[in-house]
Amino acid sequence: MSGQPELVATDAAKQKSSTDALTTVSTQMTFPSSASDAWRAMMFYEQIESRPPLYLRLLLPVPIGTKGDASTVGGESLCLYEGGHLIKRAKRVEAPFLYEFEVIEQKLRVGGTMKLSGGSYHLRETAGGTVVTVVTNYTSYKRPRWFWRPLEAFVCHVFHRFLLRAMRRRAEED
């Protein structure tokens, strides 16, 4: 697989009702590095030093930075944005292959009516490097779902690609 991201969007089995499904969007990219190097390069969107491109700033809240340490299970990170914040808590950490977090507080308007619930990073070593998969879980209350789901997935993939490229650059610098 090349360094191009692979895009996947699915509805998870969990549902609040027949219309409010938890949605999972995942994007993957191969890094030309070991899982350990990719793990050390892992970061949240809010930790990327460069300002997001204009199209992301127009589509998503603009990140400012983070406070706290969510590197171990139970650790929390306050993720700051222009206009609000999220608190992420590490849920599962199996270095260097899996990092899972949950969003325990959202004081941030995302996509109008989206509730973020968490995400994860999955790392799998292959002959060509390490496949890194970033996952975002959310519930959207926008209707009709058949219209909004593909648009939300597109924006999520764009966000994931920006994050993955920053991580890959960091892994290659080490």
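The following exercises with worked solutions concern a predicted model.

**Exercise 1. Strand β2**

Solution: 
- Step 1. The pairing between β2 and β8 is antiparallel and runs over 10 bridges.

**Exercise 2. The surroundings of M43**

Task: Locate M43 relative to the helices, decide whether M43 is buried or exposed, and list the residues that M43 touches beyond four places away in sequence.

Solution: 
- Step 1. M43 sits in the loop that connects α1 (35-40) with α2 (54-59).
- Step 2. The relative accessible area of M43 is 6%. The cut-off for buried is under 20%, therefore M43 counts as buried.
- Step 3. Leaving out residues up to four places away in sequence, the contacts of M43 are I48, Y121, L163, A166, M167 and R170.
- Step 4. L164 is 121 residues from M43 along the chain, yet 9.2 Å separates their C-alpha atoms.

**Exercise 3. Cysteines and disulfides**

Task: State how many disulfides a search of the whole structure finds, and decide whether C79 and C156 are buried or exposed.

Solution: 
- Step 1. A disulfide covalently joins the sulfur atoms of two cysteines.
- Step 2. Searching the whole structure gives 0 disulfides.
- Step 3. C79 has a relative accessible area of 0% and is buried. C156 is buried as well, with a value of 8%.

**Exercise 4. The largest pocket**

Task: Give the volume of the largest pocket, the number of residues that line it, the element with the largest share of the lining, and the makeup of the lining by class.

Solution: 
- Step 1. The largest pocket holds about 520 Å³ of space.
- Step 2. Its lining has 33 residues, and those nearest the centre are L60, V110, L116, T136 and F159.
- Step 3. At least two lining residues come from each of β5 (84-94), β6 (98-107), β7 (114-126), β8 (129-140) and α3 (145-173). The largest share, 7 residues, belongs to α3.
- Step 4. Sorted by class, the lining consists of 23 nonpolar, 6 polar and 4 charged residues.

Notes
Residues are numbered from 1 along each chain as its sequence is written. This is a predicted model: local features need pLDDT of at least 70, side-chain atom pairs count only at pLDDT 80 or more; totals for chains, interfaces and linings use all residues. Side-chain values use heavy atoms; hydrogens and water are left out. Helices (H or I, at least four residues) and strands (E, at least two) are DSSP runs, numbered from the N terminus. Buried means under 20% relative accessible area, exposed over 50%, partly exposed in between (1.4 Å probe, protein chains only). Contact means heavy atoms within 4.5 Å. A disulfide is a pair of cysteine sulfur atoms within 2.5 Å. On a 1 Å grid over the protein atoms alone, a cavity is a set of points where a 1.4 Å probe fits but cannot get out, and a pocket is an open set with protein on both sides within 12 Å along at least five of seven lines; lining residues have an atom within 4 Å of a point. Grid points are joined across faces, edges and corners, and a volume is the space filled by probe spheres set on the points. Ala, Val, Leu, Ile, Met, Phe, Trp, Tyr, Cys and Pro count as nonpolar, Asp, Glu, Lys and Arg as charged, and the others, Gly among them, as polar. Two strands pair if DSSP finds at least two bridges between them.
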